[in-house]
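Me: I'm new to reading protein models. Can you walk me through one, feature by feature?

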Protein chains: 2
Amino acid sequence: MSDSDSNPWKTHSIEERYDNPWITVTHREVTAPTGNAGIYGLVHFKNTAVGVVPIDDDGNTWLVGQHRYTLNQYMWEIPEGGGAPGEDNLDVAKRELREETGISATQWTQLLELHTSNSVTDEYAVGFVAQGLSFGDCEPDDTESLEIKKVPLQTAIDMAMDGRITDGLAMACLFKIQLLINRGDLVL
Amino acid sequence: MSDSDSNPWKTHSIEERYDNPWITVTHREVTAPTGNAGIYGLVHFKNTAVGVVPIDDDGNTWLVGQHRYTLNQYMWEIPEGGGAPGEDNLDVAKRELREETGISATQWTQLLELHTSNSVTDEYAVGFVAQGLSFGDCEPDDTESLEIKKVPLQTAIDMAMDGRITDGLAMACLFKIQLLINRGDLVL
């Protein structure tokens, strides 16, 4: 197969087992870097996960609540959405923030990049901070039933610290914002 | 189907499309909370992801480097492993730390719980801090080719802050440790 010379994994076969608009699952026969034969079920994510922490001039942010099908659980998160291949991550962040919360922003800062679950998936996520906010109407898509809550940023960070927010991307973004504030690298 | 009354999603069909020792992928016809028909490709994770940040009396930690098949990329992470259903998370943490680094610890603190990627998967992760360390031989499994690096904890946190560590669980754990230290809630 087309593994680069620097890839210590060897792929001997790739069989597509599932495909939908968001993911493709392939079954692979591989040789691990140790030389042992193995299999891999790789979940390819077609979209980039984009999260936004909007912060207004009074130090408030906005959380999005929804019943997550995957976990059958109601969860509070930061505004998040998916960017199609080739879409600019910042454009996605602007669109998702506006659609989910009705908020536009003049000042955008890329906060972090992360890989959500790299033992099985190639999902890649980007987080942004949005400041200089203005407010319009939200436009949720036709499968989203979202609740929007304005809270002090400190409350959102506390929710991530004490387990009321458990979404990995939201936690990483909120924690990093607190650390940047502590270091004087993010001014509210 | 067996949705609880409180679940606003309705599931009309479930078809298994892929199964291996780590994941099961099912295709589902659903009705979203908005009332619109849709589909869901749900990636069920059989194991719990468990991460450990060991910290010695001199403020050092240990990172694990490996070429991740999913991303075809060499990545530095905290010691991590998978716990089978029914296994105690702390027992998994102790085993994975010992297997990957040869380290045992007398003092264990649960640091956080998170959901890695809840738009598509039900993967659940737990992070621990291990202190009171003692050192033996590591016992990697036969598909793992791991590099182990001892670094100051502050270096590991800096690596998560500046993008040299991009694994979501590792980032969340390292960020939260820094915040707990800042608050005086974690003593090294």
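Reply: Helices (H or I, at least four residues) and strands (E, at least two) are DSSP runs, numbered from the N terminus. Along its sequence, chain A here reads β-β-β-β-β-β-β-α-β-β-β-α-α. That comes to three helices and 10 strands. Keep in mind that this is a predicted model, where local features need pLDDT of at least 70, side-chain atom pairs count only at pLDDT 80 or more, and totals for chains, interfaces and linings use all residues. Residues are numbered from 1 along each chain as its sequence is written, while chains are lettered from A and ligands numbered from 1 in the order in which they are written.

Me: Which domains does the assignment give for chain A?

Reply: Domain bounds come from an automatic or database domain assignment. For chain A, domain 1 is 10–45 and domain 2 is 48–115 + 123–182. Their C-alpha centres sit 31 Å apart, and the C-alpha atoms of the chain fill a box of roughly 55 × 40 × 30 Å along the principal axes.

Me: Which strands of chain A form an open sheet, and in what order?

Reply: Two strands pair if DSSP finds at least two bridges between them. In chain A, three strands make an open sheet in the order β6-β5-β10, with antiparallel pairing. The edges are β6 (73–77) and β10 (147–152) of chain A, each pairing on one side only. From one strand to the next, the twist averages 25°. Zooming in, β5(A) and β6(A) pair over five bridges, and Val64(A) has Glu77(A) in β6(A) as its bridge partner.

Me: Which helix lies across those strands?

Reply: Helix α2 (residues 153–162) of chain A lies across β5, β6 and β10 of chain A, at about 105° to β10(A).

Me: How many residues of chain A are in contact with chain B?

Reply: Two residues are in contact if their C-beta atoms, placed from the backbone, lie within 7 Å. By that rule, 56 residues of chain A are in contact with 56 residues of chain B. Among the elements of chain A that each supply at least two residues to this side are β1 (10–19), β8 (103–115) and α3 (168–182). The largest share, nine residues, comes from α3(A). To sort residues by class, count Ala, Val, Leu, Ile, Met, Phe, Trp, Tyr, Cys and Pro as nonpolar, Asp, Glu, Lys and Arg as charged, and the others, Gly among them, as polar. The side of chain A that touches chain B then has 24 nonpolar, 23 polar and nine charged residues.

Me: Is Glu16(B) buried or exposed, and why?

Reply: A residue is buried if 20 or more other C-beta atoms lie within 10 Å of its own, exposed if 12 or fewer, and partly exposed in between, with C-beta atoms placed from the backbone. Glu16(B) counts as exposed because it has 11 C-beta neighbours inside 10 Å. You'll find Glu16(B) in strand β1 (residues 10–19) of chain B. Leaving aside neighbours within four places in sequence, Glu16(B) is in contact with Thr24(B) and Thr26(B).

Me: What about Ser104(B), and why?

Reply: Ser104(B) is partly exposed, because 15 other C-beta atoms lie within 10 Å. Ser104(B) belongs to strand β8 (residues 103–115) of chain B. Not counting residues up to four places away in sequence, Ser104(B) touches Arg98(B), Ser134(B) and Gly136(B).

Key:
Axes are lines fitted to C-alpha atoms, for helices over the stretch in contact, and angles run from 0 to 180 degrees between N-to-C directions.
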